[in-house]
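Visitor: I am new to this model. Please show me how to read its features, one at a time.

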Amino acid sequence: MATNPQPASQKELKLLTGKFQQLLAKVAENRPSDDLEIIRKAYDFSLKHHQGQTRASGEPYLIHPLEVSLVLADMKLDSTAIAAGLLHDAIEDTGVTHEDVRREFGEQVVHIVEGVTKIDKINLASREERQAENVRKMVLAMVDDIRVVLIKLADRLHNMRTLKHLPEERRQQVAKETLEIYAPLAHRLGMGKVRGELEDLSFRYVDPIGYDQVRKEVESHRKAGESFLAKAVKILQQKLKENGVEAKVESRIKRLYSIHQKLLRQRITVDQVYDLLAVRIITKSVKDCYTALGAIHQMWRPLPGRIKDFIAMPRPNLYQSLHTTVITEDGHQFEVQIRTEEMHKMAEEGIAAHWKYKDGTPVSAKDEQRLAWLRQVVEWQQDVKDPNEFLSTLKVDLYPEEVYCFTPMGKVVILPRDASAIDFAYAIHTEIGHTCIGAKVNGRIVPLRNKLRNGDVVEIMTQPGHNPSRDWLGFAKSTRARNKIRHWLNIHQRERAIEIGKKLLEKQARKYRLALKDFNEKTMETIAKEYGLGGGQDLLAGIGYGKYSARQVLAKLSPEISEQVPNEEPAKTGSTIGTVIRRVFGQSADTGAIKVKGYNDLLVYRARCCNPIRGEAIVGYVTRGKGVAVHAVSCPNVNNLMYEADRRIGVEWAKAPKMAKNDGRGTYPVKLTVFCDDRPAMLKQLTAVISDDNTNIRNIEARTADSQATIDIVIDIEDVKHLERVISGLRKIPGIHDVQRLNKV
C-alpha cells in the first residue's frame, strides 16, 4: 500500500528510469511489431500520479507497477496489457478515476484496470467477505479478458517476492490467500512456473517451521542428488543419440512445497519421495517422445503404475507430457518427463504462452478450451449469493482434477480426486444426477459412494421420480454435483420450512382467537423487513427453521395482543428444561462463551464434529429442536449444512472470563496426533514442551511401526493462540514430521 506523497529524489528517478528502459527493451525484443507509445504514456501517467508515494520497503511505489509489467513482458503479453499493468493500482491508490483512464487510454485498458482493481472496502463488513467479492469480481472479469488474471498473478508474484516488509499478521493473510487461490489459479491456467514460485514463497510464511525442515532435508540430499542426475543425463543423452532422437535433456530437484505436500499426504520421509529427482527430455516431435520412452525402459526398469500418458489424455489445464518413474541397477529411483518443445512451453507458461491479441480478440481455440472450466464456474455460481460460499466452492474448482473415467460409449469424463458415481452422473446431465439410484463400474454394481479410479467404465442407473438425498453431499466432490444437489434440496427444504412456519404461526394465532388470513401480505412484509428479510415467505421459512419465535412474530403482527405476548423471552439458563437439553445433546457448561448475535434466548451448543475453541472463526446453524449448533468455519460439515442459507445465524465468542491460572475452567479438550520418528526420549520431549506451556495433558496413546510413531495426545486448551503455540513448540522437536488437530476428542 502506498504511503503519503514525498518528493522523489534524483536517485529514485534514476532507478525508475532504468527499470522502465529495461521494460521497453524487453517488450521490443518479444513483440517487435507492438506500438510502445501507449507504454510510454502509461509510465508518464503513473509517474505523475504515484509521485512521491513509497512502499512498505521504503522504495518508490512505482517500482511495483514496473516490476509487475516486467513479469507481463516475460509472458510476452501485448502493449495494452503492459500499459494496464503500469496503471493497475492508479485507481485504487491515487486520485485517478475510471473516466480519467478511459479518456487517456481507451475502453480496452480501462476494462482491464477495472477488473484488476479491488472493490470498495466500505461495501462489506468483514475481511472475508471483501476477499470473496474481490475474487468473484476478478473471475467474472477473466471471462471477458484473460489479461485481467495475468496482471493479477503478476501483481501477486511481485507482492510475494517483497512480502518480508509487511507486518507478521498481514504476511500470514497474504501468503495463505496466495496458497489457497492464486497458486491453484495459476495451475488451472497451466502456468507451472508461476504456480511453483507462488507456492514456495507462500510456504515460507504460512508454515516457517515446515519450510525450514523440508529445506534442510533437501539440502542434505542435494549434493548426492545433483551428482546422480548429472550421470543420468549423460547416459540418457547417449541412449537417445543411439536411437536417433534429437532432444534436450535437463534435470531438477522437486520444489519444496510439492515435497512437503507429498510428505504429509503419504506419511513418508524425503528419502522415500520417488520423484524428488527428475529428468526432463524435450524432443522435436510426439513420435520422438514415445521412442524416448521405449529407450528408457530398455535401460532401466519402470515402476508399475507410475507410467502416465498425458499426451494421449491431457490434463484439464491442457498439460501434456509422458511421465515414467524408473529404478536403476543400484536402486536409485527418479522420474522422467518427456515432452515436445511446444508442450514444454505450455507446461511452463500455460495460457500466457499463446494468448495473442489481434484487435483485442483472442485467436487461439486451445485457449478457449482452457477457459471452458472458468465459464462453467461462472455459470454454476450465478445462484450463489453468499460470498464465502462462492469462495469455498471456487477453491474446490481450482484443485487439480485427476480421475479419468469413461461412459460405456467411450466418452472421457474428467472428475476430481475421490469422486463418486454421483459426480459422474451429474457430469453427464443434471436430470441423470437427480434420478440416479445406482451405478455399474466395470460391469459390477457398486454403492453410489464408491470412489472412482482412473480408467473405470461407469454406467449410471436411473429411476424416474427419484430425488436427490442430503446424504449425497457427504461424498459428492465436484462443484457441479454439489451445487445441483444443494439447489434441489434448498428449494424443497424451503418449501417444507414455509409450510411448517405457516402452521406454527396459525397454531399460535388460534390461542388468541385470530386467523392468519386476518394479516395481509403488506403487514407480513413490514415485519419481515424488521428482521432484515426480503418478504413474508422468508419470515415463514425462518419460523419453520426455528430461527424466529412464532409468538414474537405474532406480537409484532397484532399490536392489540403485544402486551399479552412478551417481545423477548428471558433466557432461562438455570431452568430444568435447559439442563435436560444440555445433558441429552452433550452441551458443555462453557456454552455461555458463545453468543447468538441479536438474541439472548436461543440455546447454543458446540458441534461435536469440529469441537470449536475460543478464538476460532465460527458460524451458527439452527437445528430443529436442539437449538443453535456452532461449527468452526473450517469444519468439513459446514458446506453440507449451510446450503440452507435461512438456517445460518451469526454467532460470536463472548468476552473471556478472568480465572485463576490452571483452575480447569474455560478450557477445551483438544486431541492432537503427532507423526514422528520412533526413537528414545521422544515422548519425554513431547511432554516437556506441553508442560512448559502450563498445559494439562489428559491422555496419551502411542503406536509404532517401521521406525515411525503415531502419538495421540488430549490436552486442555484455552484458545486458538494457545493451541498454535503448543503445535509450534511440538513441531520444532527433531524427528517430528507433522502435528495435526483431530476435530473429535
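**Reading the features**

Guide: Helices α2 and α4 are roughly parallel to each other. That label covers angles under 35 degrees; over 145 counts as roughly antiparallel, 65 to 115 as roughly perpendicular, and the rest as oblique. Before we go on, note that this is a predicted model: local features need pLDDT of at least 70, side-chain atom pairs count only at pLDDT 80 or more, and totals for chains, interfaces and linings use all residues. Residues are numbered from 1 along each chain as its sequence is written, and side-chain values use heavy atoms, with hydrogens and water left out.

Visitor: At what angle do α2 and α4 pack, and how far apart are their axes?

Guide: First, the terms. Helices (H or I, at least four residues) and strands (E, at least two) are DSSP runs, numbered from the N terminus. Axes are lines fitted to C-alpha atoms, for helices over the stretch in contact, and angles run from 0 to 180 degrees between N-to-C directions. Here α2 (residues 37-49) and α4 (residues 79-87) pack at about 5 degrees, with axes 9 Å apart.

Visitor: Which residues make the contact of α2 and α4?

Guide: Contact means heavy atoms within 4.5 Å. From α2 come Ile-38, Ile-39, Ala-42, Tyr-43, Phe-45 and Ser-46. From α4 come Ser-79, Ile-82, Ala-83, Leu-86 and Leu-87. Nine of the contact residues are nonpolar, two are polar and none is charged. In this scheme Ala, Val, Leu, Ile, Met, Phe, Trp, Tyr, Cys and Pro are nonpolar, Asp, Glu, Lys and Arg are charged, and the others, Gly among them, are polar.

Visitor: How many salt bridges does the structure hold?

Guide: A salt bridge is a side-chain nitrogen of Lys or Arg within 4 Å of a carboxyl oxygen of Asp or Glu. The structure holds 33. One of them joins Glu-114 and Arg-102, at 4.0 Å from N to O. Glu-114 sits in helix α7 (residues 107-116) and Arg-102 in helix α6 (residues 98-105), twelve residues apart. Glu-99, Arg-102, Glu-107 and Glu-114 are linked in a network of salt bridges.

Visitor: Which residue forms a salt bridge with Asp-200?

Guide: Arg-255 does, with the closest N and O atoms 3.1 Å apart. Asp-200 lies in helix α11 (residues 192-206) and Arg-255 in the loop between β1 (247-253) and α13 (256-266), so the pair ties together parts that are 55 residues apart in sequence. Asp-200 is buried, at 15%, whereas Arg-255 is partly exposed, at 38%.

Visitor: Now a sheet. What is the strand order in the open sheet of four strands?

Guide: Two strands pair if DSSP finds at least two bridges between them. The order here is β21-β22-β20-β23, with antiparallel pairing. At the edges stand β21 (697-705) and β23 (736-742); each has a single partner strand, so one side of each is left without a neighbour in the sheet. Neighbouring strands are turned by 20 degrees against each other on average, direction ignored.

Visitor: How many bridges join β20 to β22?

Guide: Ten, and the two strands run antiparallel. Pro-669 has Asp-716 of β22 as its bridge partner. Strand β20 (residues 668-677) is joined to β23 by six bridges. There Thr-673 is partnered by Gln-740. Between β21 and β22 the count is eight, and Glu-701 stands opposite Asp-712 of β22. In strand β22 (residues 708-717), nine of the ten residues are buried, so the strand is largely enclosed by the rest of the structure.

Visitor: Where does Asp-706 lie?

Guide: In the loop between β21 and β22. These strands form a hairpin with two residues between them. Now the backbone angle. Most residues other than glycine have a negative phi. Asp-706 has a positive phi near 50 degrees. At 75% relative accessibility, Asp-706 is exposed.

Visitor: What is the phi of Asn-694?

Guide: About 55 degrees, positive although Asn-694 is not a glycine. Asn-694 lies in the loop between α27 (682-692) and β21. At 46%, Asn-694 counts as partly exposed.

How values were computed. Buried means under 20% relative accessible area, exposed over 50%, partly exposed in between (1.4 Å probe, protein chains only).
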